[in-house]
There are 2 protein chains.
Amino acid sequence: MRLLSQTCESLCAVKLGLPLMLTLGLKEVSQILTHSKDLSLISIADVKLNDIENTNLAVADTLWRMGFDALIISPVSGHDGSHKALIEAAHSRGKGIISLCYMSHPGAKEVYGAALENRHERMYEKFMRYAAMWECDGAVVGATSVDIIRRCKRLYPNLDIYSPGVGVQGGSAKGAVTAGADYLIVGRSIVAASDPREASEQIRRSSWVG
Amino acid sequence: MRLLSQTCESLCAVKLGLPLMLTLGLKEVSQILTHSKDLSLISIADVKLNDIENTNLAVADTLWRMGFDALIISPVSGHDGSHKALIEAAHSRGKGIISLCYMSHPGAKEVYGAALENRHERMYEKFMRYAAMWECDGAVVGATSVDIIRRCKRLYPNLDIYSPGVGVQGGSAKGAVTAGADYLIVGRSIVAASDPREASEQIRRSSWVG
């Protein structure tokens with residue numbers, strides 16, 4: 001809570017992950033989100049959801065009850081019988097769905113970077129195509145691969161790109177934004193900083209593309 | 001808790017999903033798992049985990065604190081910087097990792113069934129290869145695709161196959177086991193039955209391959 005109050009001026013949203021949510025459960029997460037709403041911060045649940053329709057809907061329902069505005073899916077489970085119903089239900093409630101298209105760590109190339117036989121596309125290009133086709137509200141593309149951000153933005157200029165991996169993981173704020181990232185996702189470089197307010201403000205400033 | 005006591009004679013393990021875990025949080029899930037241990041049931045966390053190393057380790061740590069014996073990963077995030085450290089840490093604590101290789105719903109074919117350029121393999125074959133290479137303790141392959149179970153078992157006979165999708169989703173217990181499934185994962189057909197004890201016992205009996 002204190003961290004949110006300290007850094008809210010440099011942020012436009014807060015993303016919570018599974019470790020915190022699993023530890024605290026519905027009631028305590030709701031309290032954090034009430035606080036973030038008071039600070040005018042949008043909230044995103046980073047669950048990288050990839051289940052069958054029935055389970056996706058139940059997870060989303062729990063997250064909306066917690067107070068989240070959007071959630072992150074992994075497109076690996078596909079549309080039919082998985083994300084189709086989830087995205088429709090989310091949009092009918094004014095909630096957002098952001099699809100994970102390329103991750104920020106070295107192993108991302110093993111599957112997200114795999115070459116496919118059809119259309120001669122890479123898996124991340126297929127995931128971007130899905131994100132656009134499924135009418136997702138954004139795509140996650142790691143800041144550690146600026147060439148991939150550039151390609152994704154060129155292919156789907158209307159899809160907002162959320163870019164993690166700035167700082168501790170080696171990505172540069174300015175590099176990602178210059179390549180086409182619309183939002184930066186920063187975790188440890190702020191959370192673990194001795195002065196989180198200063199750290200968040202510094203990243204905000206360095207990401208400015210004049 | 002009552003459901004577990006009623007059905008434990010027909011089960012060898014209990015699998016909990018994210019909806020329940022997110023709602024209850026660490027303390028209450030721990031209580032359920034203490035009860036399942038008293039009934040000699042192994043417990044599996046179905047989180048289809050697919051994050052970077054740091055987050056995977058934090059989620060796993062929370063799940064082991066809850067009392068789980070094993071967790072399910074989605075291999076989409078790869079090994080390097082994602083599942084490698086998770087699997088090593090789990091095994092050093094005597095915990096199990098089961099990797100999701102082919103799902104039970106129609107949309108599974110969109111990505112799990114995709115044809116890859118390298119080795120002319122399908123994505124699920126790559127995932128099975130990874131599960132074996134990464135020394136996972138089992139693979140999930142949907143009961144609704146018996147041909148794929150058969151192929152996975154033929155390719156990796158030493159890897160236990162856990163098969164969901166029996167009952168409500170249309171898979172047959174006997175069909176899956178005949179094709180090579182080692183364990184059946186059954187949810188709604190037991191949980192939503194008017195007599196869960198009888199439903200679980202019936203599935204157990206029908207899965208017997210003489």
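**Entry 1. Helix α10 of chain A**

I began with A:Glu201 and found it buried, its relative accessible area being 18%. I use buried for under 20% relative accessible area, exposed for over 50% and partly exposed for what lies in between, with a 1.4 Å probe and protein chains only. The model is predicted: local features need pLDDT of at least 70, side-chain atom pairs count only at pLDDT 80 or more, and totals for chains, interfaces and linings use all residues. Residues are numbered from 1 along each chain as its sequence is written, chains are lettered from A and ligands numbered from 1 in the order in which they are written, and side-chain values use heavy atoms, with hydrogens and water left out.

I then looked for the partner of A:Glu201, and A:Arg204 forms a salt bridge with it, the closest N and O atoms being 2.8 Å apart. The rule for a salt bridge is a side-chain nitrogen of Lys or Arg within 4 Å of a carboxyl oxygen of Asp or Glu. Both residues sit in helix α10 (residues 196-206) of chain A, three residues apart, about one turn of the helix. Helices (H or I, at least four residues) and strands (E, at least two) are DSSP runs, numbered from the N terminus. An α-helix has 3.6 residues a turn, so residues three or four places apart point the same way. A:Arg204 is partly exposed at 39%.

I noted a second salt bridge, between A:Arg205 and A:Glu198, at 3.9 Å from N to O. A:Arg205 is partly exposed at 45%, as is A:Glu198 at 34%.

I listed the buried residues of α10 in chain B: B:Pro196, B:Ala199, B:Ser200, B:Glu201 and B:Ile203. They pack against α1 (2-7), α8, β7 (183-185) and α9 (188-191) of chain B.

**Entry 2. Other salt bridges**

I searched the whole structure and got 26 salt bridges over all chains. One of them pairs A:Lys37 with A:Asp69, with 3.9 Å between the closest N and O atoms. A:Lys37 belongs to helix α2 and A:Asp69 to the loop between α3 and β3 (70-73) of chain A, so the pair ties together parts that are 32 residues apart in sequence. Both ends are partly exposed, A:Lys37 at 42% and A:Asp69 at 22%.

**Entry 3. The interface**

How many residues of chain A are in contact with chain B? I count 52, against 51 residues of chain B; contact means heavy atoms within 4.5 Å. The two chains bury about 4,000 Å² between them, 61% of it on carbon and sulfur atoms. Buried area here is the accessible area (1.4 Å probe) that two parts lose on being put together, summed over both. On the side of chain A, A:Leu22, A:Val76 and A:Glu110 lose the most area, together 17% of what that side buries.

The rule finds two salt bridges across this interface. I looked up B:Lys48 with A:Asp51, which meet at 2.9 Å, N to O.

I checked which elements of chain A take part: α2 (18-38), β2 (42-49), α3 (53-66), α4 (79-92), α5 (108-111) and α6 (123-133) each supply at least two residues. By class, this side has 26 nonpolar, 17 polar and nine charged residues. Ala, Val, Leu, Ile, Met, Phe, Trp, Tyr, Cys and Pro count as nonpolar, Asp, Glu, Lys and Arg as charged, and the others, Gly among them, as polar.

**Entry 4. Symmetry**

I superposed chain A on chain B: a rotation of 180° with 0.0 Å of shift along its axis does it, at an RMSD of 0.0 Å. In chain A, the C-alpha nearest the axis belongs to A:Gly25, 1.8 Å away. The same surface serves both copies, since 98% of the contact residues of chain A recur in chain B.

**Entry 5. Loops**

I looked up positive phi values in residues other than glycine. A:Ser40 has phi near 60° and lies in the loop between α2 and β2 of chain A, exposed at 64%. A:His120 has phi near 50°, in the loop between α5 and α6 of chain A, and is exposed at 64%.

How values were computed. Copies are superposed by least squares on the C-alpha atoms of residues with pLDDT of at least 70 in both.
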